[in-house]
Structures are given as structure tokens and as C-alpha cells.
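Hello,

Here is the structure I said I would pass on. My notes on it follow below.

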Amino acid sequence: MDSASDQQFSQWAQRLQKSDEKALDELFEHTFENYVKFAWRYTKDKASAVDIVQEAFIKLWQIREDLDPNRSLKTYIYRMVRNKALNYLRDKPDYDVSVYDIQLADQGANDLLDNDDSSVLSDKFSEWIDTLPSQQQRAFELSRYDGLTHKEIAEVMDIAPRTVNNHIVSALNTLKQLYERYKADRSQVA
Amino acid sequence: MKSINEISEQISRWLESLDPAEQSDVEQVWEDTKHSDPADKITLSDKEKAASLAHIKRELNLDEASKTDNHNNESGTSFFSQRWLAIAAALAIAALTSYLFIPVERTAPLGEQLTVTLPDQSTVTLNSGSELRYNRLFGYTNRNAELNGEAFFEVKSSGQPFVVETFNASVRVLGTKFNLRSWAADPGAETTVTLTEGKLTLESIDSESEAVMLTPGEQSSVKGDDTVPTLPSPSEVDQVLSWIEGRLAFENRPIGQIFNEIERRYNVDIDVESNAILNDSLTIYYSNRINAEEAIKDICLSKGVTYRRINNGFVIEQ
């Protein structure tokens, strides 16, 4: 995640509330790309991820006066992006396979071929994370890749912090087991 | 980025409950997943970001702070973007044209019916396994469709003729209701049309063909390669339309055709050990819905043969 601190977010929120356009520029500059990455995890398509985050920023400006300074702006945007991404997936026709999906699939096939690449283990993890139940996967990604706290994840996903914790422990448990099995298989080969 | 111990108190407590080997594995997992985010491959150039910010501001009617800086750039790209526009338009026209020529195909699944509403609001009820095709200009420049199978058409009145082609015949109407049966792959395949309302003409696909005109309650057929349809004759409309209610009714139909119909309607397989009976004709009429086995049993009884059940179907024994 970008280095924007909670303090910065809270300042941006206050300035947005006062219709400070510069605050929108700064917020965009520091966070847009990260939110696009987050949206992409749902859509698996860059163009639609960009569209979704643009819409979220537009919406944010439109409701700027109603922003609650006591609530985290960071998680509020995450939540908007998540909801828009879920709507996008809901409305998207099934047959629409993006070129990027195909590229990723190809990449997956290539990775299986060259085992010695040092990035293989992290690719393995991407693959394993992808097989986790979706709520677990989302919670884990927000924790690991976006660096959100359990409380923040709870707000984004609209679930209890305890549930977030359970999701992440389950995810780590599953990944640990997959990793142990993988290690065992490799030592057998070696 | 936080270490695993920092992410939450509860995670630390959970870690402590594990034995040391497991603990180090979890730490390894945490470390290795740092670089496993596939979204890291998604990056935005400064140009892409600028375009997004401009889009956001345009939508919000906000002045772009950086407008003057970009001004030269914009006029520099306008020639380029005009060319782009021309190329994009040409591609769009090509795509649209080829799209318009891809026919729309609707098929009723085996064991089911499908009702299709056409762009002119005419409706077509397709019997199991039947296939209807029409092009995307249907309702604009023409009202032409193709049928393989059986369907009941309710055609909305319009000055534009509604034409249905089959493998060997074509039906031309303005606004009527009619049943059309034409299974190209059936033994003794023919196209039979039964009119329930309005007026229509039937002709064979042969260009020299003579057309016949039907009045409600009449039926006419084009058999095989014949160039002339049969003379219109009164028909039992109830029986012809019985399939819409899921009933079976066959008047003087070859058993091969009857078995094909049962296969499609109930989505079952019927294997016939001896072809001898297939060309025999049969008349049966059920006033209720029955299942496939009851129909098979009656047919076998009437022809003096036996059957046995197999997985998803029946074998007709000699």
C-alpha cells in the first residue's frame, strides 16, 4: 500500500468536505493506482478496474459535504470500489473473457514449465490464494497486499472484526498446509 | 509492510499456539506472499493517470488545474486522434456489418420448449430440439426466418411479408397463426404447415414452384424434393397443436419419425434393433400428458414387438 497515512486521509477528508479541489488531486495522486489494483482483483481487467475507481472518485466528490470526519476515508473508498466491482461482476455477461485473463492463464502454464525460477514460490502462493473461499481470499488480500487492519477490513467488507480474524487465520492455515505439502513434494524429488 | 506478528493481537496469539515448525512455516508464508499479488502487474503510466483525473474532473465540471500545461499537447494530438477516429469508425462499421450478417440462432433444448419473441413482436414456440434462425435486420429490412424442426408461429400483422424457409419449402404470410413442422433429418422428411388463423401461401424451395394458398384449419405439405405442395386439406388442428401442451398425437406417421419425436421431447435415446418396423405408419392420440415409457409400451404393443429399458432410454427388440 502507498505510504499515505491515516492522518493524511483524515486531512484529505476534512479538506474535501470544504470543497478543496487540491485535496482531490492529492488524494488521486497518492491512492488511485492502489485502488485500481484492488478493483482489478475483482474484475481481472484493467480498463474496467480504472472505470470503477474513476466512478468512485466522482461519487466521493459529489457526496463530499456528507463525509463523516470520524470515519476512515481510506476504508470508505475501499468500500465504494468493492461495491462497484461486485456490481460490475454481477452485471457482466459470463461469456466475456478478457484478453488479460487469457494472458494470465498462459502465464500460469509457462510458470509450471520453468520450476527453477525464483519467483515460482510467490506464483504458487498467488495460485493457492486464488483457490481460497472468496471471503477468506478478499480478507487475506486486504490484509497482506493493502496492509489494512482487521478493523478496517471489517468496515470494507461489512463483517465483524472477529470474522475477519477467522478468515485470515483460516487462510493462513490453508496456505501453510499447501506450503508444507509443496515442501515435502520438492524434497522427495530432490 | 507489517510483519505477521504486527497484523493483529489475535494473529499473534494464534501463532503462539502453534508448534515452532508450524510457526516458522506461517512466517514463511507471510514473507513469500508479499510478492504474490497478481495485481502488482497492473500499473498505470502518468499519462493514464492524467487521463483518468481529467475524466473525473470533466464529469464533475471542475476546472483542470493542469489545463494550460496540457494545452499544446492536446492540439498536437488532435490530428492523431482524428485519424484514430477514422480508423476506429471504419473498424466499427466492419464489425457492425459482419455482426449484422451473423444470424441469431435459437434452439429449444431436448425435453423442453422455447418461446422466442422476434423483434417485430411475433412469437414463435419451438418444439424440443427445434432450431430457428433469423438475421439481425429482421423487422427492419425483412422478416425472414429459417426453421429446422417444429414450431407454432403467431405472426404480427404488418405490410412486410413474414417468410419462413425450411430445407425444402417456404411459407409466406402477412399476419397469421400457423404450425410448421420440418425435420430435415427425419426419415421421409417433409415440411407440413397447418394454418389456424389468417392466410398464408406455401411453396417448395424450387424456383419454378407453384404456391398453394391455405385457409384456416387446412394443412399442406411439401414432400422431399417435390416442386409442388400437396393440395390443402382439412386437418385436426387440436392434434397438430397437441405438442404445445406436452401431449403426443401422430396421424398416420412413420414410426421412425415418431421415435425421433419421442427422443427429442423426452430427451431419451431409442435404439431399434431391427429397422423393419420404422417405415410402418401409425396413428396415436393421447388426450393427457404421458411419460416416454407409456408411449413406447403402446407403440410396441400395437406393432407386436417388445422393449427394454436402458440407461436414459429404451431398446426396441424384435
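This is a predicted model. I start with a helix pair across the two chains: helix α3 of chain A (residues 46–62) packs against helix α4 of chain B (residues 46–59) at an angle of about 40°, and their axes are 10 Å apart. Since angles under 35 degrees would count as roughly parallel, that angle makes α3(A) oblique to α4(B). The crossing of α3(A) past α4(B) is right-handed.

On the chain A side, the contact involves K46(A), V50(A), Q54(A), F57(A) and I58(A) of α3(A); on the chain B side, E48(B), S52(B), H55(B), I56(B) and E59(B) of α4(B). By residue type, the contact of α3(A) with α4(B) divides into four nonpolar, three polar and three charged residues.

Next, a helix pair inside chain A. Helix α2 (residues 21–43) and helix α4 (residues 73–91) of chain A cross at roughly 35°, and their axes come within 10 Å. Here too the crossing is recorded by hand: α2(A) passes α4(A) in a right-handed crossing.

From α2(A), the residues that meet α4(A) are L27(A), Y35(A), F38(A), A39(A), Y42(A) and T43(A). Their partners in α4(A) include L73(A), I77(A), Y78(A), V81(A), R82(A) and L89(A). The residues of the contact of α2(A) with α4(A) divide into 13 nonpolar, one polar and two charged.

As for chain A overall, it has nine helices and zero strands, so the order of elements from the N terminus is α-α-α-α-α-α-α-α-α. Chain A has 190 residues, of which 46% count as buried. If one takes the contacts in chain A between residues at least 6 apart in sequence, 64% of them join residues at least 24 apart.

The buried residues are I255(B), G256(B), Q257(B), I258(B), F259(B), E261(B), I262(B), R264(B) and R265(B). After α7(B) comes N267(B), which has a positive phi, near 50°.

Regards

Technical notes. Residues are numbered from 1 along each chain as its sequence is written. Chains are lettered from A and ligands numbered from 1 in the order in which they are written. This is a predicted model: local features need pLDDT of at least 70, side-chain atom pairs count only at pLDDT 80 or more; totals for chains, interfaces and linings use all residues. Side-chain values use heavy atoms; hydrogens and water are left out. Axes are lines fitted to C-alpha atoms, for helices over the stretch in contact, and angles run from 0 to 180 degrees between N-to-C directions. Helices (H or I, at least four residues) and strands (E, at least two) are DSSP runs, numbered from the N terminus. Angles under 35 degrees count as roughly parallel, over 145 as roughly antiparallel, 65 to 115 as roughly perpendicular and the rest as oblique. A crossing is left-handed if the near helix is turned anticlockwise from the far one by less than a right angle, and right-handed if clockwise. Contact means heavy atoms within 4.5 Å. Ala, Val, Leu, Ile, Met, Phe, Trp, Tyr, Cys and Pro count as nonpolar, Asp, Glu, Lys and Arg as charged, and the others, Gly among them, as polar. Buried means under 20% relative accessible area, exposed over 50%, partly exposed in between (1.4 Å probe, protein chains only).
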